[in-house]
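Let's take a friendly walk through this model, one region at a time. Have the sequence and the 3D view open as you read.

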Amino acid sequence: MMKRLNRQVTVFGSAIFCVVVFSLYLMLDHLQLDNTKSPNNGGDRLQNGQLSILQGKIDRLERLLAENNEIITNIRDSVINLKESVKDGVPGGGNMSQGPYPELLALPPLVLPIDSQDCQFAAREFSEPADGVQLLDVYDLLTFDNPDGGVWKQGFDITYQENEWDSEPLQVFVVPHSHNDPGWLKTFDDYYRDQTQHILNNMVVKLHEDSRRKMIWSEISYFSKWWDNIDGQKRDAVKSLVERGQLEITTGGWVMPDEANSHYFALIDQLLEGHQWLERNLDPASSTDILCHMMPFYSYDVPHTCGPDPKICCQFDFKRLPGGRVSCPWRVPPQPITDGNVQQRVQMLLDQYRKKSKLFRTKVVMVPLGDDFRYTEALEWDQQFQNYQKLFDYMNSHPELHVKAQFGTITDYFNALRKSATDPGHTVPSLPVVSGDFFTYADRDDHYWSGYFTSRPFYKRLDRVLESHLRAAEIIYSLTLANIRRSGKRNDFPAMENYRLLTEARRNLGLFQHHDAITGTGKELVVIDYGIRLFHSILNLKQVIVNSAHWLVLKDKSAYSYNPSKAFLQMDDIQPAQDALPRKTVLKISSQPRPVVVYNPTEQDRTSVVTVYVNTPHVRVVTDHGRPVPAQVSAVWSEPTTASTEAFQLSFIAQVPALGLGVYLLGEAASGRAETAEYVFFRQSGELSVNVKHFTVNIHQDASTPLSIHNPHLQVWSSPITGLMERLQLKEDGSEHQIKVEFAWYGTTSNRDKSGAYLFLPDGEAKMYSPARPPVIRVTKGSVFSEITTTFDHVTHTLRLYHVQGVEGQSVEICNSVDIRGEFNREITMRLTSDVDSKDRFFTDLNGFQIQSRKTMAKLPLQANFYPMTSMAYLQDPGTRLTLLTAQSLGSASLKSGQLEVIMDRRLNQDDNRGMGQGVLDNKVTASSFRLLLEKRAKTDGGEKLSTLSYPSLLSHVSSLYLNHPLIPMAVSTEAESRSLSPLSPLASSLPCDVHLVNLRTIQSKEEGGGPSDEAALILHRKGFDCALSNRNTGLLCATTQGKIRMGKLFSELKFQSITPASLTLMHTPEKGSNQEEISLKPMEISTYRVQLT
């Protein structure tokens, strides 16, 4: 009965699909006939009329395509319903959301159904405001000739007229601060013990002594640790300081994050963690602002903040009074302020304030007063606050000086600035808009800070692995809690313990976003401390994921039992230590099928390759319904030419719904088993012996033999001498492109100042990598993937093609394993040289959020033309775009037209005099992953306009998502009791193609104990995308919807009890707008909603 129904449903669905496709074909044919039947005998008017009619028909066709996609989705849902209605005899049958998904993954449309209005955002022309500043234009104007600016070395001489402040006095806000690095030269805990706790303890006492005193604080990582160690009386004192505006929390993130290497997921997450802590503990009156202030001088320390002359400013850093541990390098010490010298000292300081104010549009000036770990001792508080108060009292009591000076906070400064900059009759300040960014920074001479874009790449990769695990764990944990609430049954799911692990992981990820952590610019012992934190949190998040997946995948929820010593599911890899690469665990396979649960943490229904290690090559993979799954068995290579006899690599094509769980069965089988990969080895000279069983192996000595692999979308040709890519063909149109991969070395300059953790100071152009011995080249050919692996002395480089229709098959996967531990002052780079006519332009992303146009400038030194690449970089000409997607932040450049290069690792034997006091000599064997995507662009007749704005394609966005968030396989433990498992499909369908689920983060309860509440933060990002790139054969099962999402139909079974729009970090909630049935996102917008799911 069931099989007959299956066939009927399949035939019925196929028939409707055929009717729709045939109708579309007839319409296309009709359009073509209309065109041929209308000869051009009516001049331009008739032609224009025909064009508009044709355009209308094309628009209608686009709409029909979108409707076609919806019909297919509805057919799929109907089939699921029909199947679920017949429960008898259905293996693994259950409720609608847990239907037999792998048999029902809809055929993706040939062309993505994109609403034409969704293409207008990227296509529109952006016009700068009249008084706007585009930094690329500024860089064109600047000569970068580095003149000596006098006392302000990097600037110029500043002059003013005495009477400039007669009509509007100068307002000065001196802002005391203490810059507390959560790790740099000491670990986070050591800094807290030795310095930070004393700073905060003294702050409470010293601010209470005088209500005119102010202080700002930023790092909630430290503040929360201190808060946990103080009593209720001191907490009340802190709250009163906050309420009175004497203590101000600025930004309030977990740390002050780096701006080059951090991904926007982690930036938002550390901000959320800080703000949520503040809301629970201080509940401050908060505000948000995006008005920006630029600090014009060399540093944020006291000598470089009062004005342009550090020799004078240093005399007003009263911690440096004679007799102390710190002095002024300009050899003129500060003087205590007395009645006898106050007039002269005020004139000297006011001169600096006035000169500084000349660099800004208003007569309001901000003067930071602090430095790293300042105000540790009570004496410094007295020295700074008492002496400055005497200066302020004198200034404010002499109206002829036309100045008002005081201690202030950031809010005090911005309020005064806004008031001064707002013209009469207006409500908004008239200030210019700055577009672009300030990369790449130099603090003096040619000392560009482009080295830290790559320093310690091992940990930059570990950061992204933790990020991916945290997002996956947050989502599946939130879904589990919602499903438990919906079931109404109490059980022993470890909600509280798992929430503690999540909180610790959020905080460890947040800590690592600090500007001396992810940057790779901390001392070695501090790097180890960060590494241990990242490593432990990854292990803990694996527990959260397997615990949640265990509950969700069980068909009978009452069978759930939590046993921490005997987990039901186990992850397929183990990282042995914080400084080692993860290793796959070998799954024991027998004739009794072993279930593997596959979790898809992305918001798209997905077809991807899953790879696990098994103990036998004779293995078969089937769905939970017994349907065979395409699979390939490959060798596990312990050495370039030696394969393991105990472990085998099993790769199979998994189809898993958005945010869902798939169930696959792995069993030993005599027939119907996975296909075996075949191997070809190349080496230019010397004997080659290959030790391998169970696989066919050929050895080629002939260097003229062409080296090539291909899949349904692409063909790659590589050099038979190096194994590195030389050409790439797109099969869709047969176009072939030269894309040559090479490796090269940079040395460091022979000058006194050399490359270090921060600085990149090369000894000229890179020298091509030439290995001491010919590399071993291994070609793998299989039914699921094919790859070319080249083993050099310092790099193992792999090019892989997946034999998958859709996203995974559209790009070339590139993996490098780099080991430069034996080198001296060298940096290794991977360079792609293509025939893309990109000239001096290329594009890199900023924090994975937006794309920034870059211009390679000959007037700048080589190191100044390197930029941070967080998630992608690309080159383009009118017909082609070549994108390199990355799974870790690294430094990148395009030094010549058609070239793109990425620094893979750096080993530097000396400090670069920026405070760290060490070279970079703690290199690890470092793995880096990329995807190379070649796309056709629609050519425009008028040539290409150079725009500062650019957007990835939808395919590029989703490819990046898949690269950073792979499917997560979990095997059922061999010791676990046999349980009936059922796949999970929590969403009714994929989210729109351009909408990314940034997070579904359970909010902490305000009750004692701080476990999970029944609310979560739903964070969505609508991505900007370029429609001028091909959207064919993406394999995606989504459409675009003008940013509209019907919340009532988002989940298949769960329902929203409430949906409340909020500010990004939940600090502000509008009075109206709750429980929206439909939400709407603008392109590029990130929106947060406070939701209750049940």
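## A starting question

In which loop is T440 found? T440 sits in the loop between β7 (434-435) and α13 (457-487). The peptide bond from F439 to T440 is cis, with omega near 5 degrees. Most peptide bonds are trans.

## What kind of model this is

This is a predicted model, in which local features need pLDDT of at least 70 and side-chain atom pairs count only at pLDDT 80 or more, while totals for chains, interfaces and linings use all residues. Residues are numbered from 1 along each chain as its sequence is written, and side-chain values use heavy atoms, with hydrogens and water left out.

The mean pLDDT of the chain is 90, where pLDDT is the predictor's confidence in each residue, from 0 to 100. Of the chain's residues, 89% reach 70 or more. Two stretches to treat with care are residues 1-47, where pLDDT stays under 50, and residues 70-104, where pLDDT also stays under 50. The model has 32 contacts beyond four places in sequence for residues 1-47, and 67 such contacts for residues 70-104; contact means heavy atoms within 4.5 Å. Where pLDDT is low, the predicted coordinates should not be read in detail.

## The chain as a whole

The secondary structure comes to 16 helices and 45 strands. Helices (H or I, at least four residues) and strands (E, at least two) are DSSP runs, numbered from the N terminus.

Of the 1094 residues in the chain, 57% are buried. Buried means under 20% relative accessible area, exposed over 50%, and partly exposed in between (1.4 Å probe, protein chains only). Among contacts with a separation of 6 or more, 75% join residues 24 or more positions apart.

## Helix α6 and what covers it

Helix α6 (residues 220-227) has seven of its eight residues buried, so it is largely enclosed by the rest of the structure. The buried residues of α6 are I220, S221, Y222, F223, S224, W226 and W227. Their cover includes α5 (188-209), β3 (215-217), α7 (232-243), β4 (247-249), α8 and α14.

## Two helix pairs

Four of those covering helices can be taken as pairs. Helix α8 (residues 264-281) and helix α14 (residues 495-512) pack at an angle of about 120 degrees, with their axes 9 Å apart. Axes are lines fitted to C-alpha atoms, for helices over the stretch in contact, and angles run from 0 to 180 degrees between N-to-C directions. That angle makes α8 oblique to α14; angles under 35 degrees count as roughly parallel, over 145 as roughly antiparallel, 65 to 115 as roughly perpendicular and the rest as oblique. From α8, the contact uses F265, A266, D269, Q270, E273, W277 and R280, and from α14, T503, R506, R507, L509 and G510. These residues divide into four nonpolar, three polar and five charged. Here Ala, Val, Leu, Ile, Met, Phe, Trp, Tyr, Cys and Pro count as nonpolar, Asp, Glu, Lys and Arg as charged, and the others, Gly among them, as polar.

The axes of α5 and α7 come within 10 Å and cross at roughly 55 degrees, which makes α5 oblique to α7. On the α5 side the contact is made by N201, M203, V204, L207 and H208, and on the α7 side by K234, A237, V238, S240 and L241. This contact has six nonpolar residues, three polar and one charged.

## Single residues to look up

L136 belongs to helix α4 (residues 135-141) and is buried, with a relative accessible area of 10%. L136 and K855 are 719 residues apart in sequence, yet 7.7 Å apart in space, C-alpha to C-alpha. Beyond its neighbours within four places in sequence, L136 is in contact with R841, S853, K855 and T948. K542, in helix α15 (residues 524-553), counts as buried at 12% relative accessibility. Leaving aside neighbours within four places in sequence, K542 is in contact with H469, M571 and D573.

Most residues other than glycine have a negative phi. N913, which is not a glycine, has a positive phi of about 60 degrees. N913 lies in the loop between β37 (899-907) and β38 (926-936) and is partly exposed, with a relative accessible area of 46%. L1066 has a positive phi near 70 degrees and is placed in the loop between β43 (1056-1062) and β44 (1078-1080). L1066 is buried, with a relative accessible area of 1%.
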